[in-house]
Amino acid sequence: MATTTSLQSKRSDPWYGPLLTLDVLAGLAMVVAIWAGLLFAKDATNLAGDEQIAQRIFYFHMGCNITATLGFLLSVIGSVGYLVRRTLVWDRIAQTGVEVGTLFAFGIMITGSIWAKPTWNTYWTWDPRLTTATITILIYLAYMLFRNGMDNRHTRARFASIYALFAFISVPFTYYSARIFRSIHPIVFDGANADAQGSFSIGPSMGQTLIITITCFTILFLALFFHRWRQLSLEARIEDLKEELYQ
Amino acid sequence: MASENGSAETIVRVHNVAQRYGRKPVLRDVSFQVNAGEVAALLGANGAGKTTLLRILAGLDNPERGEVWLGNVPLAAAGHEIRRYVGLVSHRPLVYDNLNGLENLRFFARMYDLVEPEPRIEAVLTAMDLWRRRYDPVRTYSRGMIQRLAIGRSILHDPPVLLLDEPDTGLDQESVAVLTDLIAQLRQGGRAVLVTTHNWERAERWADRVYHLVDGTIEDGDEVLKQR
Amino acid sequence: MSSDSLRGLLGRPVTMRTDGGSAAFMRKVWAVAAKDVRAELRAKEVASTMIVFGLLAVVIFGLAFDLRVPKSSMVVPGILWVIVLFAGVLGLHRSFGAEVDRDTLAGLLLAPVEPSAIYFGKLASNLLYLFLLELFVLPVMLVMFDTNLFQFHILLGLSLGTLGYAEVGTFFAALTANSRARESMLPVLLLPVMVPVFMAGVSLTAGILDGRPVSGLVSWLVILAVFDTIFFVAAYWIVDLIWDGI
């Protein structure tokens with residue numbers, strides 16, 4: 001009996017099929033990303049030993065980087081959208097962006113630290129990008145806590161959006177302040193940082209690998225984003241139904 | 001009394017207002033009006049939504065549904081300037097207990113841009129029998145004195161609309177008598193007064209109409225038009 | 001209450017200036033600030049707590065670093081700015097917290113006043129408290145750490161940083177005033193956003209103490225000034241949204 005109802009609900013849910021497909025795609029994408037990063041890409045020729053092996057983490061680092069940025073951009077868009085339109089759809093986009101973005105931002109931190117140990121001989125340094133990324137994570141953890149402390153849905157959405165905007169304004173300041181400090185983070189796509197340690201130039205197979213992994217991580221991001229967004233929408237629907245029942 | 005001069009101007013109009021706290025609906029569908037020179041009493045048990053309704057009328061809360069009009073201005077579209085026309089006595093005194101009575105009224109006089117505030121403040125404090133205690137911090141006042149200061153605060157700028165949320169709270173018999181007198185004078189002066197209470201007797205004594213707020217609605221049958 | 005005095009109350013017409021304009025705006029900003037300071041002089045709830053906490057923190061830091069660092073001027077910049085941030089947050093949340101606790105914020109919002117005037121009034125009183133805190137902390141740091149912070153560029157940077165801190169801090173105090181656990185919420189929201197001010201302030205102070213040329217440190221002053229300006233404008237624009245029917 002229970003199985004029939006759950007089957008029926010699966011059939012009546014138009015998103016069930018597409019989401020399942022997206023999940024499978026995201027799983028495959030991760031396999032492809034690992035294959036591309038570990039097997040397909042050629043060794044970095046200017047590095048040797050542990051550094052050469054550690055360099056391969058760069059592909060995953062960049063994958064997380066792009067998706068985290070995507071999440072935070074969506075959170076700003078969602079916040080502005082809410083303040084202009086005052087509909088909770090926008091607020092859910094903002095919340096999902098922050099949550100999924102923070103997840104990938106932790107990915108940046110972890111992959112970065114593992115790479116930094118053999119290359120910079122330290123897990124951690126107050127480099128501008130590291131500083132900015134850390135502070136951004138702290139800001140968005142604060143955002144999630146702040147949401148948690150408010151009950152009224154619209155007040156919560158409004159205040160969280162306002163905070164997200166203020167926090168967003170402060171991020172470039174953090175970056176530029178930290179940048180005036182000495183920087184040792186390699187700028188792979190700019191090549192302008194003479195003090196950078198552990199740099200490597202992008203060869204043809206590296207460039208291809210990068211495109212593959214970033215695409216794969218974006219698919220994973222989309223799957224996670226969609227699931228969380230839908231979950232929040234369903235929660236809101238339940239809230240609405242409960243309100244109707246009370247009426 | 002308002003009907004003496006024929007057609008009375010409607011000052012407060014509430015139309016199909018609904019509001020909820022969290023999931024719980026407090027007001028379901030409230031409609032009524034108060035005319036100039038009229039006192040309306042809002043009766044209802046504790047938790048019936050009287051305070052919620054008054055906060056909406058004062059512009060402190062936005063209703064979930066429905067409209068409120070002050071004069072011919074919809075409250076939702078009005079700027080903060082409309083607040084000049086409303087005075088509120090709330091459950092909380094809305095005065096600063098670290099300041100004295102005089103400083104409190106001086107502060108609010110500045111917030112309402114009163115021209116020549118001093119004589120007005122003196123008149124209000126004298127009428128509220130607080131003039132002798134004007135230099136004492138509010139935290140040394142008794143409950144009744146604080147309530148009188150709160151009433152004084154609400155009429156300081158002489159608004160055409162007065163919202164009194166259980167104004168008799170904490171007042172002794174003598175002060176209630178003067179409050180009754182004040183309400184009568186406000187009516188005579190053409191102000192629109194909405195007063196909440198759960199005391200039937202006082203509602204009858206104060207008001208021209210009595211609305212009964214039950215279960216978040218005011219039903220037509222609950223309106224008692226008094227013969228004066 | 002006396003019935004006789006009531007009679008005269010409604011007879012006399014009451015006039016309100018409704019011309020508005022920036023003069024009326026400034027009068028209300030001033031009224032809110034003056035009211036806060038007057039109440040503070042009576043109650044001594046906010047500024048005194050900040051100052052005592054600040055002095056306490058100087059002593060604690062002094063004990064913590066005594067004999068552990070070769071030259072105290074190496075840690076003084078960090079100590080100064082940590083004390084300003086942490087002692088400041090102690091007072092900031094009271095600025096709106098006290099109004100919400102006693103529901104007097106509703107009384108303020110009932111008046112015909114722009115929300116930004118309330119914000120700027122609170123900003124002014126908070127700024128005063130923070131400067132007062134610094135006025136007490138700096139001489140004590142001079143004695144305890146034998147480091148003279150009374151140098152023009154350090155004080156300029158401190159003033160700019162304090163302004164930025166008061167701007168964002170007052171704004172976030174308004175934002176958190178109605179949420180649960182606002183005392184702990186405010187620092188969690190505020191401190192990450194204040195990181196640029198902290199970094200700029202510490203670097204500037206350290207640079208001056210190390211005797212580096214001012215020309216190389218001007219960028220810190222620029223960052224602080226731009227931060228102050230942008231958040232001033234942002235707060236002015238956005239503060240109306242906070243009390244949009246609380």
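**View 1. A salt-bridge network spans chains B and C of this predicted model.** B:Glu81, B:Arg84, B:Asp113, C:Arg27 and C:Lys28 are linked by salt bridges. A salt bridge here is a side-chain nitrogen of Lys or Arg within 4 Å of a carboxyl oxygen of Asp or Glu. Side chains of opposite charge can pair when their charged atoms come close. Local features need pLDDT of at least 70 and side-chain atom pairs count only at pLDDT 80 or more, while totals for chains, interfaces and linings use all residues; side-chain values use heavy atoms, with hydrogens and water left out. Residues are numbered from 1 along each chain as its sequence is written, and chains are lettered from A and ligands numbered from 1 in the order in which they are written.

**View 2. B:Asp113 pairs with B:Arg84 inside chain B.** The closest N and O atoms of this salt bridge are 2.8 Å apart. The pair links distant parts of the chain, 29 residues apart. B:Asp113 sits in the loop between helix H2 (101–111) and helix H3 (117–127) of chain B. B:Arg84 sits in the loop between strand E5 (73–74) and strand E6 (86–89) of chain B. Helices (H or I, at least four residues) and strands (E, at least two) are DSSP runs, numbered from the N terminus. Both B:Asp113 and B:Arg84 are buried. Buried means under 20% relative accessible area, exposed over 50%, and partly exposed in between (1.4 Å probe, protein chains only).

**View 3. B:Asp113 also pairs with C:Lys28.** Their side chains meet in a salt bridge at 2.9 Å, N to O. B:Asp113 lies in the loop between H2 and H3 of chain B and C:Lys28 in helix H2 (residues 21–43) of chain C, so this pair joins two chains. B:Asp113 has 3% relative accessibility, so the residue counts as buried. C:Lys28 is buried too, with a relative accessible area of 3%.

**View 4. Chain B meets chain C.** In this interface, 52 residues of chain B are in contact with 42 residues of chain C. Contact means heavy atoms within 4.5 Å. The size of an interface is often given as the accessible area lost when the parts come together. Chain B and chain C bury about 4600 Å² between them, and carbon and sulfur atoms give 59% of that area. B:Tyr96, B:Asn98 and B:Met111 supply 14% of the area that chain B buries against chain C, more than any other three residues. Buried area is the accessible area (1.4 Å probe) that two parts lose on being put together, summed over both. The count between chain B and chain C is 5 salt bridges. The interface also has 9 residue pairs in polar contact (both at pLDDT 80 or more). H2, H3, helix H4 (143–155) and helix H5 (173–188) of chain B each supply at least two residues of the side that touches chain C. H5(B) gives the most to that side, with 7 residues. A polar contact is a pair of N or O atoms within 3.5 Å; within protein, one must be able to donate a hydrogen and the other to accept it, and residues adjacent in sequence count only if both atoms are side-chain atoms.

**View 5. Chain B meets chain A.** The contact takes 6 residues from chain B and 5 residues from chain A. About 630 Å² is buried between chain B and chain A, 44% of it on carbon and sulfur atoms. The salt-bridge count between these chains is 0.

**View 6. A:Glu99 and A:Arg228 form a salt bridge within chain A.** The N to O distance is 2.4 Å. A:Glu99 is in helix H5 (residues 88–120) of chain A and A:Arg228 in helix H8 (residues 204–246), 129 residues apart. A:Arg228 is partly exposed, with a relative accessible area of 22%. Chain A has 8 helices and 0 strands. Buried residues make up 47% of its 247 residues.

**View 7. A nonpolar patch lies on the surface of chain A.** A:Val32, A:Ile34, A:Trp35, A:Leu38 and A:Leu39 form the patch, with about 490 Å² of accessible area together. Accessible areas come from the Shrake-Rupley method with a 1.4 Å probe; for residues, only the protein chains shown count as cover. Patches are made of residues with over 30% relative accessible area and no salt bridge: like charges are joined within 9 Å, nonpolar side chains (Val, Leu, Ile, Met, Phe, Trp, Tyr) within 5 Å. A:Trp35 is found in helix H2 (residues 16–40) of chain A. A:Trp35 is partly exposed, at 41% relative accessible area.
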